[in-house]
Every structure is written in structure tokens, then in C-alpha cells.
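Biologist: Before we discuss any terms, could you put the model up for us to look at?

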Amino acid sequence: MSAELTRDDVAKVARLARLTLSDAELDLFTEQLRGILDHAEDIAALNLEGVTATAHPFGLTNVVRADEVRESLSRDEVLAAAPDAREGRFAVPRILGEAP
Amino acid sequence: MTSAIDIARDVASGATSAEAQLEKSLETIAARNEELNVFLYLDQEGARAQARAVDAKVRAGEPVGPLAGVPIALKDNLCQRGVPTTCSSKILEGWRPPYSATVIERVLAAGAVAVGKTNLDEFAMGSSTETSAFGPTRNPLDPSRVPGGSSGGSAAAVAAKMTTISLGSDTGGSIRQPAALCGLVGMKPTYGLVSRYGLIAFSSSLDQIGPFAANVADAALLLEVIAGHDPMDSTSLPEPAPSLLAHVNDGVAGKRVGVVRELIEGADDEVVAAVNAAVDVLRDAGAEVVELSIPETRLGLSAYYLLAPAEASSNLARFDGVRYGLRVDAEDVTAMNEATRTMGFGAEVKRRIMLGTYALSAGYYDAYYGQALKVRTQMIHAFRDAYQKVDFLIGATTPSVAFKFGEKSDNPMAMYLSDVFTIPTNLAGEAAVSVPFGHGATGLPIGVQLLGPGRSEAMLFAGARVLEVAEGR
């Protein structure tokens, strides 16, 4: 299956993951990811019909805390650690373009 | 070297002081940190204040905790309020967390003195510290070799006697493997025994914080201090910390020990010989030894390298230049996110994000991620069956002693294979300890691994102690 992994697949995954890869990195990652996926063929090829999936080893269920007001992190302190903050909010470059 | 237990006792009695212990620690760090690159940040001012506070309590006749005045090193993926925390990544360089991890609150409350933050593989992804953005840590026992990883800095800190104890995190072997390579005791506790609050997440269903120490009793004491329910971690087990230190000398008489074929095969001859010698020691100490096979463990590596990257690709989505750390400016927000991540992450982190994104993507989810989750179920059942027959298991921690720099860093699969014996425990959510036992031809230490079911830490420490005693420690 991983023999199918192409340079284009890797480029697409990079876009999804918000990473820019150089041509050399695309070549290298295509080769390396193929190698890792080849190793994973041992489990991709197993017949595991009827086996349930495990996401948590002890099956603990969700925990919710009591709905009580309590102290939380200081907004100013949290914002002070951000690359850019204005008027009590995280600031980012524009999200929407000019109206067409 | 003086143990944490002895230091805490002598600090409490006034025979020594926390400040004196701290200065000794800082002197050792000053002498060797440049060569070994263990600490990314030293918090001398904070540590001196903590030490003075402990000494003031002693003078005032107030009670001090079980780690009073014991210098401790913290892996730099643990958030410490006001102290730079980087995960050895450029993407977090300069960030100071607004809160501390629960484990840090607990060791400080117990009187420990937090000296600084230690190097790791970037975001804990690696087995040698070679993926750190701030250069690798050198093995104090042989600086031409890696200390193991990802918690290589925390292991090296104790091995170089810079601190008495340290904390690491173990997602696929990141405590046990460096413990083995640096000649220390290191434990991966049962999933949920130790709060992950304030541990920067790599793979949330596998990550667990645990102790490094030069001896079994110190490791047991440190784990006892950090364990126990924490309402800030929704995966925290509901019960308080177990009693561990009181049981380290319980021995193994009457215990059934399973020697697991798959956790030895492929290891170097000298490692196999050490495991066999350890088995003999346990038998002589009254354990009943059986050989067994757990074929499912052979699938661990593949399952892990799908599950952990999948979780990492999701966890690391938060590093987007908005809330903390690096931002690389660009035209619009998406370009800023991409430029920041491209500049901020190193090659191994990118590789795992790519692998995880692929394993979760439409058309491949069932074949890779879905299959890996089912293999995880099989692994849990296989271990559970084994623990019907035996009390605990024994195998190697690593296939070899500490390797040289560059030996595996160009080949991801070769590096990943150094965790082949440690990964199954993380997938099963169970406990395992690595204890030094014997040496290889080069004089470097070998680690033997004892594995047990969930909540078996006391029994595993007792088994490790039997091996330690047999070596005259």
C-alpha cells in the first residue's frame, strides 16, 4: 500500500499540516515515509475484524468538574506570552481579504 | 553519591543545608554543562530562593517534605511558571509558561530544589537528543555517545551528578531507554498514575511522567511524591499515591516471573547475557521463572509509529504562531501559520506530523490509524493473559548499550528500533522500570526491564532492588 505513497501525496499532506517543504525535503520525506509505512504493512495487512479499537488503556470515561466559579489563569499574563496581543485579545494578520 | 533520601534526612536534621546541596549541584553543572549540554536553562535565582525557604523552615522547627533540599532537574517539556520552557524547539523559544505542571508543584511542596530545565529530543520525538534544536546532550559516561532520549538531558543530569534526581516523560521509552544508556533507574508509571497537567502533549494517550534516580529507593520516593489523583488531568487515576518506598525491600520470593522471548530477541549478545544473569538472580532470590512468548509485542513498533504521530499531528496543531512562542510574519493568517511552523519545527517533528496527518487522512484512516487502535487492544489483552500466569515480566530495555552520535540519526527506522522493547508498555498503559544490571564490553551500562500490570509499581521496584543488591549497590 505504501508503495503508492507519491511525492504528490506528501505535498498534499504538507499543505494540510501547514508546512512548506522544499523540493529536496519532499524527495527525502517521500522516501523516509515510504520506509516507515512499509514497516507498518505488518499491521495494515492483519485481519482484525471484530476487534474493538482502544483509545484509552483503562477505559476511563470523561470527567467533568463541578460547575463552580474559580480562579483561572490571568488574562494579562497569558496575553503577555503571545507574539502579538491588542485590546485584551490575541492579534493575528488579516483573515479575510478585501471585498471583491 | 549521596542519595536523595540521605540528603533529605540530613537537611531536615540540620546536618547539611539545602543551600549547601544546591551550591554543590551548581558547581558540578558549571564544571560540565558546557561539554555535555544537559541544561537548556538554569534557574539559579529561583532555586536559591527555594533552598533558602527549606532551610528557614528547618531553623524554625517546622516540618519539611520528603525531598527537603534535594536538587532536581526537570525535562524541558514540563511547564514551570515564569521559567523558559522550550520542548527543545525553536517554536517555543523564549516562552515562559503562566502556570506550573502538577508534578513540579508537588516536588517543590516536598522540599525539592528545581535547578533547571533539561534538554530533550524536540517535542520528545527521538531516542538520542539529536533532534533537539539546541544541540545534542552528551552521555556523561562516554561523551562520544548519546545519552538516549528523549529525556536524555534529565538522564545525563543525574548520571553526571549534577542533580540527585530528575523528571522525564515516557511516550515510547523516553525514560527507560536513557536510564539504561546512562546507568540509572527509570520508571514509566501506569498511565494515569501521574498527572500530565503541564506536560506539553506529544501523544496524550501514551505520555506519562516518571522519575530518574541513581538508585531504586530514590526513584520510588520521587514517584511517590508526584503520583496520585489530580483533578486538573481528566485521565488521572482516581486514587491517591501508592506507598512505594516502604516496599522496595519486599523482595521477589514466591513471585512468578515471565521471561519474554520477544523482549530479548534481536538484542546484542551482551544485553541478552545481562538479562539471563538477572533472571538467575531473581530465581536465587526465590522467584519462580517461566519462559513465555507474547507475539503481539512484535506489532508494537508499527502501531506506535502510527498512533503517536497521529496524536502528535493533532496536538502540535496548536503551535501556529498565535498564542505562544515564535511567529513568522506573513501576508495573511494562513501564510503566517505555515511560515511559523516551517521555521519553528525541526525535521523529525515535521516527519512525524506528516506521518500522523497521512495516517489520519481520508482513505488511509482505516488501514493505518484504525488498525493500530485495534492492535493496541490486542496488546492489552495479550499482556493481561500473561499476567494471569505470572506476576511480572522481564526483558531487555534496549537492544544495545549507548550508541555513537550520528550512528542512527540519518535513518528514522533504525532510530525507532531502539525503542522496540519499551513501546509495548506504553501501548498497554502499564508500568515498567529499567534498572542497571551489568556492563557491556565497552564498560557501558546495560539496562534490564521489569514490566508489570497497571498499578504494579511497588512490585517492580522491589524486583529492581533485588537486582541492585546483587550488584552490591
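Modeller: This is a predicted model, in which local features need pLDDT of at least 70 and side-chain atom pairs count only at pLDDT 80 or more, while totals for chains, interfaces and linings use all residues. Residues are numbered from 1 along each chain as its sequence is written, and chains are lettered from A and ligands numbered from 1 in the order in which they are written.

Biologist: What makes S5(B) and strand S10 (residues 431–439) of chain B a pair, and in which sense do they run?

Modeller: Strands (E, at least two residues) are DSSP runs, as are helices (H or I, at least four), numbered from the N terminus. Two strands pair if DSSP finds at least two bridges between them; S5(B) and S10(B) have three bridges, in the antiparallel sense, so they pair. One of the bridges joins B:Lys188 to B:Ala432 in S10(B).

Biologist: Which way do the residues of strand S5 (residues 185–188) of chain B point, and are they buried or exposed?

Modeller: B:Val185 and B:Met187 point one way, B:Gly186 and B:Lys188 point the other way, and all are buried. A residue is called buried if 20 or more other C-beta atoms, placed from the backbone, lie within 10 Å of its own, exposed if 12 or fewer, and partly exposed in between. In a regular strand the side chains alternate between the two faces of the sheet.

Biologist: Why does the radius of gyration of chain B agree with a compact globule?

Modeller: The radius is taken over C-alpha atoms, and the globule rule is 2.2 Å times the number of residues to the power 0.38. For 473 residues a compact globule would have a radius near 23 Å, and chain B has 21 Å, so the two agree. Buried residues make up 64% of the 473 residues in chain B.
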